[in-house]
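This briefing sets out the architecture of the model shown below, taking up domains, a sheet, chain composition, an interface and the nonpolar core.

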Amino acid sequence: MAAFISVLFDGIAYGSLLFVISVGMSVTLGLMRFVNLAHGAFAMFGGYVAYELVNRAGLSLFVALPVLLVGFAAVGAVLERVLYRWVSRTRPLDQVLLTIGVAFIATAIATWIWGPDQHSIALPAALKRQLHVFGLDLNVYRLFLIAMIVAITAVLHVLIERTRFGAQLRAAVDHPEAAAGLGIPVDRVFGLSFALGSGLAAVGGALGVEVLGLDPSFTFKYMVYFLLVVVVGGQGSIVGSAIAAISLGVFDVVGKYYVPGAGAFLIYALMVILLLVFPHGLIRRGR
Amino acid sequence: MTAAAGARAAPSTGLPDDRWTRWDTALWLAPIVAFAVFSDRLELGRDVVIAALFALSLDIVLGYTGVVSLGHAAFFGLGAYTAGLLAHHGWGEPLTGLVCAAAVAAVAGYATSFLVVRGAALGQLMITLGVGLLLHEAANKAHALTGGVDGLGDIVMWRLAGVFRFDLEGRTAYLYSLVVTFAAFLLVRRVLSSPFGLSLRAIREGMARMPALGVPVGRRLVAAFTLAAALAGIAGGLQAQSARVVTLDVLSFERSATVLIMLVLGGAGRMYGAFIGAGLFMLARDYLARKDPVYWQLWIGGLLIVVVLLARGGILGLVETLRARRRTP
Amino acid sequence: MSHPAFLRAAVTAVALVGAVSCGKKAGDDGKGGGTLKLGVILSLSGPFADVAKQIQGGIKTYMKQHGDTVAGRKVEVLYRDSTGMAGEVSKRLAQELVVTEKVDFLTGFGLTPEALAAAPIATEGKTPMVIMNAATAIITSKSPYIVRFSLTLPQVSAPLGDWAAKNGIKKIATLVSDYGPGHDAEAAFIKAFTAGGGEIIDSVRSPPQNPEFAAFAQRIKDAHPDAVFVFVPAGQQSVAVMKSFQERGIAEAGIKLLCTGDLLDDHQLATIGDAALGAISTHHYSVAHDSPENKAFLDAYRDANGAEAGLPNFMSVAAYDAMEGIYRVVQKLGSGKIDADKAMEIFKGMSFTSPRGPIMIDPETRDIVQTVYLRKVEKANGELRNVEQQAFPNMKTPAPAPGGEPPRPPGGEAKGSAEPPKEPAKGSAEPAKGSGK
C-alpha cells in the first residue's frame, strides 16, 4: 500500500511536470488556437537561460523563474509582432510551417551556442530535500511541481474566466471580427496572450530540465507530450489540461511500476481511448 | 479553429480537369531528365520520388478531405515492414511485395478511419498520431520480428520483373519507384476527378452540409482514408525494397511531421503540391546538410519561414496567386 | 486525359534521356590515387548529436596530432548527417559516398542502425567500413568489410557479471534500455552473473527514449536487491537515470550501482555530479587511465578541440584509434586506390597501444579485443573520475547467449552479402539469397 501511494505521488508529480512544460502551449494552441509547434523552442531556451542565470551567474532558481517569465513574455510579444502576426489566424497549416521553421532555427542556434551535450540546472538546496511524512519519502522538487500545477491552473483559470482580459480573449478567439467591432483590441489581446504563453513556456522548460534533461533536441523530443496534454485536455481549457496531464502522468508511472514490460504503450493507449470517449477533449469550452 | 479551415480557402474551386497539359508533361519530364543528368545521385532521387508519393497519399486525406493527420507514418511504416519482412524471409519479388504492403496498410487505414471519423478537428490529429505512436512502440517491442531500433536488415530483393537487378548505383530502384509513383498519380487523379473525388472536396468545404445533399460523409471519409493508407503503404514498401533496410523511424512522429511539412510547403489539395514540396524539401535538405552538416536546420527553417511569409498555400498557392494576378491586372 | 499529348510526352522523354546519357559517359575512372577520401556518417543533428560531436573530436585530435597527409596522400574528410536512427538515410549517404564521391573508407557510425543500414553498401561497393562507436554485437557479421574499433556491449558487461558473482553480491535487478545494445548488455551480464551463482530477481527494460525513471527506480528499490545493473545510452538517458536513483536513495537503501561505462561517461560525469560517487562500472576507457599514450591523447584533444569542449569519452578514443587504424592501412597500401580485400587483411590482427590500453583486431571477427577495466567513481583533485580498480585483459566479445545470433563462419561471407556485383544478365531471374541461413 505504501508502495502504491508513493508511486501515485510520483505519477501526480510527473503529471504536474507534463502540465508545467505544456501550459504555455495550452495558452497558445489551446486558448488562442494558434498552432504553435515552436512551443518547445521557448521551453528549451527557457531552460538554457535558466542554466546561464543559475549555474553561471549564481542566481537561485526561485529568482530566475520570474525573470524568465517576464523576459520571455517580452520576447514572445516581439516575435508575435514581427513574425507570427503575418500568418493568418484562420490558416493552421501555414502556422504549422512557420512554427516548425522557427523550431528548426531554434535547434540550430541552441546547438551553436551550447553544443549538443546535456545541461542540467542546479536546484536550490530547498528543493533537493526529502520529506518523510507518514512513512513516505516525498521529494520537495516534486512537491513544488505539484504546487505549481495548482497555482498556475488557479491563476490562469481566474484570468481567463473571471477577468475582463479573459473575456476579451475568448471573444477575440471565437469571433475576431465581431470582437473588433465591439471595440476589443483584438491584436493587442492576442499579442498579450502570446506573450503570456511564451513566458509560461520558458518557466516550464526551466522547471522540466531537472527530469527531462536539456539539449538542443528538446524542441522536438517532447512535442508529442505537449500536444497530448493540450488536446486531451480540450482546447481552451486550462483545467482540462491539468486533469489530462495528471491522468496521463499517473497512468504512465503506475503502469511503468507494475507492468514495466508495457513500456510507453500505456500512455498512448490512454490518449487514444480518451480521445475516442471525449472527441473534443476532457473539458470542452462552450462556443 | 477547425481542421477543415486549414485546407479550405485555397485551391482552385473550378471543376476538376484531368486533361493532360504541357505543364503535366514538363513536370513529369523533370524526373526523367534527372535520371540522365544526375545519374550519380539516383539514391537521392529515389527518396524524393518516394517522399512525393507519400506526400500525395497524405494529400488525399489532408488536402481533399481536410482531415489533418499527424500519424500518417503509421501506414508508411506498415507498408515498409510488410515489404521488408517478406523479402527478409525469402520472398524478394518486388511487385507482389508492394501489393502486400498496400493491402496491409489499407486494412489498417480502414480500421483507423472509423476512429478518425469519430473524432473532431484537433482530436483527429491526435488519434492518428496516437495510432502511429502505438505502432511505433509495438514495432520496438516486437524486435524479434522487426529488429527493433537496430532495424531490419538482410532484405534481399529478386530481380525486378525477373530482369533488372537492384544495382548499387540505384538505377533500377529509381525507375521502379518513379513508374510506381506515376501509376499511383494517374490513379489518384482519376479518382479525385470522379464524382467521388468531388464529394470529397465538398466534404472539405462544408462537412455539416453534406448529409443534406445525400452524401454519406462517414463512408466517403473511410474510403478516402483507406485509399490514402494504401498509397502510403506502397511508398513505404518502395522504400523498404530499394533501401533494403527498415528502421523504426518509418513509423515515427518525425516522419509524419516531415511529410506534412513537405505537403504544406508544396501546397495541399493540389496534387502536384506533394511533388513540389517533397522535391524542394528533400533537395534543399540534402544540399544544406552537405554544405553544413551540423547547422543545416538553421537554413531549412529559414526556407520554411520565407515560403510561409511569401506564399499562402505553399509554393503552388503562390503560383496560383501570381497567375491570377496576371490574368486580372 | 488526352492520349496524343501523353504519348508525345513519353516520346520526348525517351529521346531526351537518350541524348543526355550519350553526351555523358566519359570521366569517372574509379577512385583517384591522390587524395584519400574518408566518408564519415554521423548523426550530426538531432537527439544523438552529442555522440557525433565526440567522434568528430576524436577525428580532429588524430589529424591535428598526426597531420592530414598519410603516405603522401592528402586526407579529405566528408561529413554526412544521418539525422539519427533513420536507416534509409544512412544507407543513402553511404551509397552516395561510395558511388559518387568514391571514398576510400566509410567510417563514423555512432549508432547501430546507421551501421547496419550501410553494411550492404560496404559489401557491394567493396569499401572498408570502420566502425567508430556502434556497439551492437552483430554488426561486424553483416559484411566482410566491416571492422570495429569501439566496443561491444557483451564485451564490457560480461566481466561485470563475473565480478559481481565473485564479490559477494547475491541478488541483482537489471535495468536496460529496450533496444539492441540494451538486450546485448542484459543477456551477457545475466549469463555471466548466473553462471557465477548469482540470482536475478527482476529485469526491467525501459523505452529507448524514456523521459523519466522514477517508477523504475522505485520498483528496483522495492525489490531489495543487493545491487542493480544498468545500461542506458550515454546522454539524456544516463543523466536521468542517475538523478532518479539519487533522489530515490538507491545507494542509501544499500543497493550497489553496477553499470557499463555508458552511464558514467567521462564527458557527462560532471553534469551527473556527486550522485555518481561510488558507482562501479566496467568499460574499456577512462580519462583517468594512467599511461603516457592517454596523457598525450588528453593533451592533444584539448589542443585540437579547445578547453570548452570538455573531456573526451570512450567515443572520441574509438574514433581516434579508428583513424590510427586507417592511417596504418594507407601507409601499407601506399598510393593508388584502396583495395578493400587487402585493407581488411591489414586490419585483421592489427594491434597497437591505444590511450585506453592495448587493443587488437580479432582476425576472425574483425571485432576489437581489448582490456576491460573495473572502475569506481571517486573524487580526485575535486573532480569526479572513473578510477580503474582491476583489469580484464584481452576481452573478446563472448559467444552470444542461446537463442541469440548464430556464430558466424570465420572471416567468410556474411549473411545477406547477396550475389556478386556484376552486370545484370538479362533473363536470369535467380532469386538472390545470401549464403547464410
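In this predicted model, the domain assignment divides chain C into domain 1 (36-151 + 291-366) and domain 2 (154-283 + 372-395). The C-alpha centres of domain 1 and domain 2 of chain C are 28 Å apart. Contact between the two domains of chain C involves 12 residues of domain 1 and 12 residues of domain 2.

**Domains and fold of chain C**

- On the side of domain 1 of chain C that touches domain 2 of chain C, six residues are nonpolar, five are polar and one is charged.
- The secondary structure of chain C consists of 12 helices and 15 strands.
- Chain C has 437 residues, of which 58% count as buried.
- When contacts in chain C between residues at least 6 apart in sequence are considered, 71% of them link residues at least 24 apart.

**A six-stranded sheet in chain C**

- Six strands of chain C form an open sheet with mixed pairing, in the order β2-β3-β1-β4-β5-β6.
- The edges of this sheet are formed by β2 (69-70) and β6 (146-148) of chain C, each of which pairs on one side only.
- Within the sheet, strand β4 (residues 105-108) and strand β5 (residues 129-131) of chain C run parallel and are joined by three bridges.
- The bridge partner of C:Gly108 in β5(C) is C:Ile131, a residue that is also among those touching the most other members of the largest nonpolar core.

**Chain A**

- Chain A contains 13 helices and two strands.
- The C-alpha trace of chain A extends over about 60 × 45 × 35 Å along its principal axes.
- The radius of gyration of chain A is 19 Å, in agreement with the value near 19 Å for a compact globule of 287 residues.
- Of the 287 residues in chain A, 61% count as buried.
- In chain A, 78% of the contacts with a separation of 6 or more are between residues 24 or more positions apart.

**Interface between chain C and chain A**

- The contact between these chains brings together 24 residues of chain C and 25 residues of chain A.
- On the side of chain C that touches chain A, two or more residues come from each of α2 (49-66), β8 (199-206), α7 (214-223) and α8 (236-248) of chain C.
- Helix α7(C) supplies the largest share of this side, with six residues.
- By class, the residues of the side of chain C that touches chain A comprise 10 nonpolar, six polar and eight charged.

**The largest nonpolar core**

- The largest nonpolar core has 354 residues, and the members that touch the most others are A:Leu97, A:Val229, B:Ala55, B:Ala105, B:Ile234, C:Ile131 and C:Val228.
- Helix α3 (residues 42-65) of chain B gives the largest share of this core, 16 residues.
- Because domain 1 (36-151 + 291-366) and domain 2 (154-283 + 372-395) of chain C both give residues to this core, it lies between them.
- Apart from its neighbours within four places in sequence, B:Ala105 is in contact with B:Phe75, B:Leu78, B:Gly79, B:Ala229, B:Ala230, B:Ala232 and B:Gly233.

Note on methods
Residues are numbered from 1 along each chain as its sequence is written. Chains are lettered from A and ligands numbered from 1 in the order in which they are written. This is a predicted model: local features need pLDDT of at least 70, side-chain atom pairs count only at pLDDT 80 or more; totals for chains, interfaces and linings use all residues. Two residues are in contact if their C-beta atoms, placed from the backbone, lie within 7 Å. Helices (H or I, at least four residues) and strands (E, at least two) are DSSP runs, numbered from the N terminus. Ala, Val, Leu, Ile, Met, Phe, Trp, Tyr, Cys and Pro count as nonpolar, Asp, Glu, Lys and Arg as charged, and the others, Gly among them, as polar. Two strands pair if DSSP finds at least two bridges between them. The radius of gyration is taken over C-alpha atoms; the globule rule is 2.2 Å times the number of residues to the power 0.38. A residue is buried if 20 or more other C-beta atoms lie within 10 Å of its own, exposed if 12 or fewer, and partly exposed in between; C-beta atoms are placed from the backbone. Domain bounds come from an automatic or database domain assignment. A nonpolar core is a set of buried Ala, Val, Leu, Ile, Met, Phe, Trp, Tyr and Cys residues joined through C-beta atoms within 7 Å.
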